Amino acid sequence: MSEAKGMDINMITFDSQYKQVLTSACLKCKDPYFAPAHPVMVHVGCCSYSPVFGLFEIYQMIKAGNSEFFMESIYHHRSATIMQYEIIINAEVSPLFYEQKINHLSPIEKDDIRLQYSVCQFFKQQKGCTLPATYKNSTCRSFICLTVEEQLDDQTQAELKKWNTLIKQEVNAFVEQHRLELQRRSLNLQTNVQGVVDYLKSEVGKLA
Ligand code: SF4
Ligand code: SF4
């Protein structure tokens with residue numbers, strides 16, 4: 001592990017078992033972009049995000065023998081937006097957001113403000129992320145904010161890039177292969193979720 005400039009040597013590590021980047025900096029998140037908008041709000045840092053679950057994460061749930069979790073906590077989640085091969089679980093937005101006078105702002109500026117009033121549905125106070133590491137998407141397993149990244153030395157920044165590539169490549173290769181096969185079979189999450197689940201179950205024995 002490379003030592004980060006002026007930081008604890010353990011500030012950033014790669015968990016090779018679950019292919020995720022970890023940093024102790026999140027325990028005291030100081031990133032201004034991800035600061036909550038209001039003092040009554042919990043400071044969740046970048047867990048204000050709305051995670052997107054794709055075929056790779058759904059496959060991980062099925063492989064773990066937990067297709068019920070996928071159906072109940074992802075597919076039927078009250079905040080789910082279901083697309084053909086991805087499901088967004090929209091973050092909980094504080095009612096305080098809707099009191100803001102932001103009609104004059106651009107959509108991007110509004111989204112940035114909304115983020116400051118948002119909390120991921122899987123974040124629990126005192127616990128952090130409640131998802132098993134294998135169910136987290138590649139963004140959740142790889143994202144490191146600029147505040148942390150800028151404090152890393154060059155070697156650690158290069159390692160971070162390498163870890164990100166490793167995480168994304170595995171997911172992208174899986175998604176590309178299986179989305180094509182599902183399209184060939186006319187199966188998607190919007191019209192035949194059980195067909196997609198059955199297909200991914202049938203792949204469990206074939207893939208490592
Ligand atoms: S990665 Fe950065 S923004 Fe996210 S929780 Fe950690 S310190 Fe905060
Ligand atoms: S899924 Fe977990 S890691 Fe990802 S944003 Fe939500 S709480 Fe954070």
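## The chain as a whole

Of the protein chain's 208 residues, 26% count as buried, meaning that 20 or more other C-beta atoms lie within 10 Å of a residue's own, while exposed is 12 or fewer and partly exposed is in between, with C-beta atoms placed from the backbone. This is a predicted model, where local features need pLDDT of at least 70 and side-chain atom pairs count only at pLDDT 80 or more, though totals for chains, interfaces and linings use all residues. Residues are numbered from 1 along each chain as its sequence is written, with chains lettered from A and ligands numbered from 1 in the order in which they are written.

The chain has seven helices and nine strands; these are DSSP runs numbered from the N terminus, with helices being H or I of at least four residues and strands E of at least two. Along the principal axes, the C-alpha atoms fill a box of roughly 50 × 45 × 30 Å.

## Helix α1 and its partners

Let's start with α1 (residues 55-63) and α6 (residues 154-184), whose axes are 8 Å apart and pack at an angle of about 90°. Axes here are lines fitted to C-alpha atoms, for helices over the stretch in contact, and angles run from 0 to 180 degrees between N-to-C directions. The two helices are therefore roughly perpendicular to each other (65 to 115 degrees; under 35 is roughly parallel, over 145 roughly antiparallel and the rest oblique). On the α1 side L55, F56 and Y59 meet V171, F174, V175, H178 and R179 of α6, a contact being C-beta atoms, placed from the backbone, within 7 Å.

Then there's α2 (residues 67-75), whose axis comes within 6 Å of that of α1 and crosses it at roughly 130°. That makes α1 oblique to α2. Here I58, M61 and I62 of α1 meet S67, F69 and F70 of α2.

## Around ligand 1

Which residues sit around ligand 1? They are T23, A25, C26, C29, D31, F34, G45, C46, I144, C145, T147 and V148, counted as near if the C-beta atom, placed from the backbone, lies within 6 Å of the ligand.

## A look at E86

E86 is found in strand β5 (residues 86-89). With 17 C-beta neighbours inside 10 Å, E86 counts as partly exposed. Setting aside neighbours within four places in sequence, E86 is in contact with V52, F53 and G54. E57 is 29 residues from E86 in sequence, and their C-alpha atoms are 9.6 Å apart in space.

Technical notes
Two residues are in contact if their C-beta atoms, placed from the backbone, lie within 7 Å.
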